[in-house]
Amino acid sequence: MKDNVVLRVVTKIIVPVILVFSLYVQFHGDYGPGGGFQAGVIFAAGFILYALVFGVEAIDRVFSAATLRIMTALGLLLFAGVGFWSLIGGERYLDYDALAQEPLVGQHLGIFLVELGVGITVAAVMITVFVAFAGRTPD
Amino acid sequence: MLTLILLVLLVSMALALLRAVKGPTVYDRILAANAFSTKTVLLITALGFLVGEAEYYIDIALMYTLVGFIATVAVLKVSEFGNLGQSGAVRSTPAEQSHK
């Protein structure tokens, strides 16, 4: 599909837009529709579109299999880490009030970090699933 | 007025769906599915103005546009080449890939 010039140009134009939109959904999720899961899926969709046109090996240049594994674990670690951070702060698990002196600041910081963790994990898992399906070669 | 627009959109979506089911060739079906997703975007936007929270619904409509484009590309690729991943000829065997 790489030799199709319309598809190639449109993909190169639209992929950055998709990635920026996913960041918007991620960080604007407090005020509008969105959140970590949706942002992760949109982020992965951008890479999936690129891989559809330029071949699944193109993903390897940015996210190798090892990087994807690390990202999956890293997002989960961020999520659980925020929970244990609030435990250390003397509150219940994932009670964001413990993260800062001011409860409002703590709530903002907590939901930001937790959603970021969800987004990283979901994006990595979605790309992994696509690579696992599309990377197979026909027998 | 907006309710009338919604009704017209729903009728035209039903017609596109009819073409997708009946369509003699695979390109008719893909084109009908693409038209259906475009009309869904319009429906979401019109619904947003009807409800009065257009700023939220336009975000969702934008998202639907992008995902609809990706879905069309994916379906076209599968129907044309029979696989999702390879950009051209198959280069490596499964045994080589598992060593990565």
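Author: Start with α2(A) and α3(B): their crossing is left-handed. This is a predicted model; local features need pLDDT of at least 70, side-chain atom pairs count only at pLDDT 80 or more, and totals for chains, interfaces and linings use all residues. Residues are numbered from 1 along each chain as its sequence is written, while chains are lettered from A and ligands numbered from 1 in the order in which they are written.

Reader: What makes a crossing left-handed?

Author: The near helix is turned anticlockwise from the far one by less than a right angle; clockwise would be right-handed. Helix α2 (residues 36–54) of chain A and helix α3 (residues 54–81) of chain B pack at about 30°, axes 10 Å apart. Angles run from 0 to 180 degrees between N-to-C directions.

Reader: Which residues of α2(A) and α3(B) meet?

Author: From α2(A), they include A:I42 and A:L49; from α3(B), B:M63 and B:K77 are among them. Contact means C-beta atoms, placed from the backbone, within 7 Å. The residues of this contact divide into 10 nonpolar, no polar and 1 charged.

Reader: Why is α1(B) called roughly antiparallel to α2(B)?

Author: Helices α1(B) and α2(B) pack at an angle of about 165°. That angle makes α1(B) roughly antiparallel to α2(B), because the term covers angles over 145 degrees. Their crossing is left-handed too.

Reader: How do you know where confidence in chain B is lowest?

Author: By pLDDT, the predictor's confidence in each residue, from 0 to 100. Helix α4 (residues 94–98) of chain B has the lowest mean, 45. Chain B averages 83.

Technical notes
Helices (H or I, at least four residues) and strands (E, at least two) are DSSP runs, numbered from the N terminus. Angles under 35 degrees count as roughly parallel, over 145 as roughly antiparallel, 65 to 115 as roughly perpendicular and the rest as oblique. Two residues are in contact if their C-beta atoms, placed from the backbone, lie within 7 Å. Ala, Val, Leu, Ile, Met, Phe, Trp, Tyr, Cys and Pro count as nonpolar, Asp, Glu, Lys and Arg as charged, and the others, Gly among them, as polar.
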